[in-house]
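Thanks for coming, everyone. Let's take a quick tour of some helices. Please have a look at the screen.

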Amino acid sequence: MGDCLMSADAAAQAAARVMARCDALAEISETAGQLTRVYLSPEHLRANAHVGEWMQAAGMQVWQDSVGNICGRYEGVQPGAPALLLGSHLDTVRDAGRYDGMLGVLTAIETVQWLHQHQLRLPLAIEIVGFGDEEGTRFGITLLGSRGITGTWPSGWLEQQDAEGISVAEALRTAGLDAGNIAQAARQVSDIVAYLELHIEQGPCLEQAQLPLGVVTAINGARRLNCRFIGEAGHAGTVPMQQRKDALAAAAEWMLYAEKRTTECNPHLVATFGTLQCSPGAVNVIPGEVHLTLDVRGPEDQPLAALLAELLETAQAIAQRRGLRFSAEEYYRIDATRCDSGLQAALTRAVMQAQGAALSLPSGAGHDAIAIAERWPVGMLFVRCDRGISHHPAESVMAQDVATALQAYLQAVHDLASRSDSGSEVFQ
Ligand SMILES: [Zn+2]
């Protein structure tokens, strides 16, 4: 392992601060004894205020933008230089863990804190954003914070309502913001060179590899389908086995095929049948109709599409052979987001330096980087979390891993922001 800019002692101190701040933010919740902090709530604004103070203490100029993201800027050598943007989200799911999102914002602040302490200005400015909504807990629509920055809020979002019937527009007003000013949050493409996000892995791969850090290659694309096998209901006692059109038996055959094929196909592809309804649904009736949902995901669109096509073809063949009908309707689709190869290379070098080994992996969960990638190159650094548990109060990371992450993150940020020939092509 080479010498890192941030010493082991400094990293341990900074990591202790990050852990304490994660604990402090976890106290800001709408429910006592558990963490729930949703977009544009009083708790969201209080979290923004704390994070803004910490940014300020790290030498940053701080503002809250027109969609409620908390933003900070650490000026480069030349005032007004384009920025390397770091960030993650400050909103949570209900009864959440304390690291998902917050860890990325607080570690970013520590990297700037270190530069500030060493009175170091780099050719690129460093900006940090704590996104107000990534999870979509309150309004059922996601990535409101990052889509504010990219300037791609669909027109219908302002009318979207929460469970109490409060619209996004009303919630903005209550939070002291103005729905008419949404567009002001959008950043010029030339303002930002690239985006980096540090996040907990939310999966077990790093733990299995016994490494604290991994570099993300892509954020998985996903397709979701409503599927249906239609056969014939009948008496469970009187219809001979050879004459049945059992929709559940067909579905079961298909599900096992899908599990086997997906496993053989590609280690990064996953397929899940998350729901299954059987009708008429009685102990003494042959199932005449089965509804099931299929969720397939993978880091590359083409292999994902090929797998899905094969699974659907097989479902048709199974249905035909058994004298049933099969139909499937896709209702959700998101393409895979590739992480920029130059940013991956910089993160990999930094990770090598900090932990002595590199590991690349795709992200199975969605992140703010999906939206940001529509405008700017993105890179992501994953930190090991206990048993891969997230979206749960048991979510946990080790302070020692956070220290290693800080060493790597600062190294990568310093490397990337030191390149004076700014412009995204430098990272390609
Ligand atoms: Zn997250």
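How many of the 19 residues of α11 are buried? The count is 15, so α11 is largely enclosed by the rest of the structure. Buried means under 20% relative accessible area, with exposed over 50% and partly exposed in between (1.4 Å probe, protein chains only).

A word on the source. This is a predicted model, where local features need pLDDT of at least 70, side-chain atom pairs count only at pLDDT 80 or more, and totals for chains, interfaces and linings use all residues. Residues are numbered from 1 along each chain as its sequence is written, and side-chain values use heavy atoms, leaving out hydrogens and water.

Back to α11, residues 399-417. Its end C-alpha atoms are 26 Å apart, which agrees with the 27 Å that its 19 residues should span at 1.5 Å a residue. The expected span is 1.5 Å times one less than the number of residues.

Now α3, residues 102-117. From first C-alpha to last, α3 reaches 22 Å, close to the 22 Å expected. α3 is mostly covered, with 14 of its 16 residues buried. Just after α3, Q119 takes a positive phi of about 50 degrees.

Last, a pair. Helix α7 (residues 247-265) packs on helix α8 (residues 301-321) at about 150 degrees, axes 10 Å apart. That makes α7 roughly antiparallel to α8; over 145 degrees counts as such. The contact (heavy atoms within 4.5 Å) includes W254 and Y257 of α7, and L311 and I318 of α8.

Methods. Axes are lines fitted to C-alpha atoms, for helices over the stretch in contact, and angles run from 0 to 180 degrees between N-to-C directions. Helices (H or I, at least four residues) and strands (E, at least two) are DSSP runs, numbered from the N terminus. Angles under 35 degrees count as roughly parallel, over 145 as roughly antiparallel, 65 to 115 as roughly perpendicular and the rest as oblique.
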